[in-house]
Amino acid sequence: MIIGIPKEIKDEEYRVSALPSTVEQLVKNGHTVLVEKTAGEGIGISSDEYKNAGAEIVETGKEVWERSEMIYKVKEPLLEEFKYFRENLIIFCYLHLAANENLVKALVESKTVGIAYETVEKNGALPLLKPMSVIGGSMGIFNGLKYLEKTHGGKGKMISGMPGVAPGHVVVIGAGVAGQGAIRTAVGLGARVTALDVSFDTLLDIQNIYGGAVETMYSNPANVMKSVKDADIVVSTVLIPGYRAINVVTEEMVKQMEPGSVIVDVSIDQGGAVETMDHATTHSDPVYIKHGIIHYAVANIPGTVAETASVALSNETTRYAIEIANKGWQQAALDNYSIKSGINTAEGYVTYKAVAESVGYDYKKIEDII
Ligand SMILES: NC(=O)c1ccc[n+]([C@@H]2O[C@H](COP(=O)([O-])OP(=O)(O)OC[C@H]3O[C@@H](n4cnc5c(N)ncnc54)[C@H](O)[C@@H]3O)[C@@H](O)[C@H]2O)c1
């Protein structure tokens with residue numbers, strides 16, 4: 001198969017999907033790998049390193065897209081890349097379709113096969129979302145701290161407190177993988193931390209790890225209101241896999257917060273779980289203010305710690321890319337449930353139920369296609 005690694009074009013996205021070691025494995029499996037000349041430059045990997053690993057270096061993204069049978073990238077294709085979609089082209093990357101109807105339409109109309117990292121499932125977990133979620137949650141806290149500073153528009157509070165001064169209050173809503181990244185970082189920095197989730201087992205894990213250092217609460221409107229009202233930083237990481245995120249933090253709750261507090265909505269890539277987060281932001285323009293509260297809604301947080309993130313991501317995606325390339329998407333899906341669960345669009349249909357319901361498209365079972 002001809003596999004293409006284009007340079008990411010999203011704002012300040014420095015990650016690359018495949019390292020030279022990934023290319024080497026794909027080539028050993030008999031595949032041709034096209035790498036855009038500048039694909040690895042964001043993390044200091046030169047085209048010579050890819051070439052030495054067996055890649056063919058191509059000058060432009062256009063050539064990568066046009067010649068490849070599978071595009072293997074990090075973030076969802078942007079509007080300017082939709083023109084390359086075509087029947088049977090495989091796109092393997094984050095897609096986050098529930099919050100992106102335009103992309104669904106483009107994939108469906110072109111009959112492109114969209115295999116989404118974020119819905120690849122293994123033993124009830126999401127192995128290709130996990131590594132970025134750990135980073136997203138942890139970096140969510142660091143960004144929260146930054147915008148809490150007066151010079152960045154915040155209330156001017158140091159989250160760790162001081163001898164004689166109480167620490168700040170971090171409220172983490174959704175205590176899954178990203179939530180736990182946020183909790184670990186916030187606890188390490190000495191914050192007072194409250195974690196809310198709807199899963200008893202998840203809250204039990206938090207209590208077993210942190211004991212009294214983290215207050216746990218069941219996530220219902222009354223408890224969310226109570227904790228958000230008192231928070232200096234709210235980090236939302238709510239996810240119902242595949243679906244558009246639901247509004248767990250309402251506008252009314254945001255209005256109750258102290259001016260200069262910060263909300264980081266990590267779940268913005270699935271549409272966001274905060275009512276006042278009405279659009280995603282970018283690394284070059286990351287925040288906006290509503291009701292006196294700083295809203296941080298960057299949808300590709302790990303893009304700025306690209307070296308760590310690229311290695312962590314390719315560690316997990318490589319084996320699936322190899323299997324899809326070796327067998328073709330249909331046989332790979334038949335043999336491996338994880339790959340089947342990643343297929344969101346194929347042959348002109350939405351094949352992932354939660355996505356179809358979120359964007360109002362007909363759903364077709366992948367089993368009825370392959
Ligand atoms: N913005 C970014 O750059 C970035 C980076 C990484 C991950 N993410 C996103 O972060 C989100 C979380 O990912 P994850 O891997 O942690 O998912 P996860 O499934 O591990 O965790 C989600 C948690 O939300 C909980 N939840 C569901 N409904 C809830 C509710 N009403 N109230 C409170 N909690 C609720 C679930 O029980 C679960 O524990 C996803 O949307 C993911 O795509 C964004």
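Reader: What should I know before reading the model?

Author: The model is predicted: local features need pLDDT of at least 70, side-chain atom pairs count only at pLDDT 80 or more, and totals for chains, interfaces and linings use all residues. Residues are numbered from 1 along each chain as its sequence is written.

Reader: How many helices and strands are in the protein chain?

Author: Helices (H or I, at least four residues) and strands (E, at least two) are DSSP runs, numbered from the N terminus. The protein chain has 12 helices and 15 strands. Its radius of gyration is 21 Å, close to the 21 Å from the globule rule for 370 residues, so the chain is as compact as a globular protein of that length. That radius is taken over C-alpha atoms, and the rule is 2.2 Å times the number of residues to the power 0.38.

Reader: How are two packed helices described?

Author: By the angle between their axes and the distance between the axes. Axes are lines fitted to C-alpha atoms, for helices over the stretch in contact, and angles run from 0 to 180 degrees between N-to-C directions. Angles under 35 degrees count as roughly parallel, over 145 as roughly antiparallel, 65 to 115 as roughly perpendicular and the rest as oblique.

Reader: At what angle do α5 and α6 pack?

Author: The angle is about 40°, and the axes are 7 Å apart. That makes α5 oblique to α6.

Reader: At what angle do α1 and α10 pack?

Author: Helix α1 (residues 20-28) and helix α10 (residues 306-335) pack at about 20°, with axes 10 Å apart. The two are therefore roughly parallel to each other. Thr22, Gln25 and Leu26 of α1 make the contact with Ser314, Thr318, Ala321, Ile322 and Ala325 of α10. Here two residues are in contact if their C-beta atoms, placed from the backbone, lie within 7 Å.

Reader: How are α5 and α10 arranged?

Author: Their angle is about 155°, with the axes 8 Å apart. The pair is therefore roughly antiparallel. On the α5 side the contact uses Pro131, Met132 and Ile135, and on the α10 side Thr308, Ala309, Ala312, Leu313 and Glu316. These residues divide into 6 nonpolar, 1 polar and 1 charged. Ala, Val, Leu, Ile, Met, Phe, Trp, Tyr, Cys and Pro count as nonpolar, Asp, Glu, Lys and Arg as charged, and the others, Gly among them, as polar.

Reader: Which residues come nearest to the ligand?

Author: A residue is near a molecule if its C-beta atom, placed from the backbone, lies within 6 Å of it. Of the 35 residues around the ligand, Ser133, Gly136, Gly176, Ala178 and Ser219 come nearest. The shell divides into 19 nonpolar, 12 polar and 4 charged residues.

Reader: Which element supplies the largest share of the shell?

Author: α5 does, with 4 residues. At least two shell residues come from each of α5 (130-148), α6 (177-188) and β8 (192-197).
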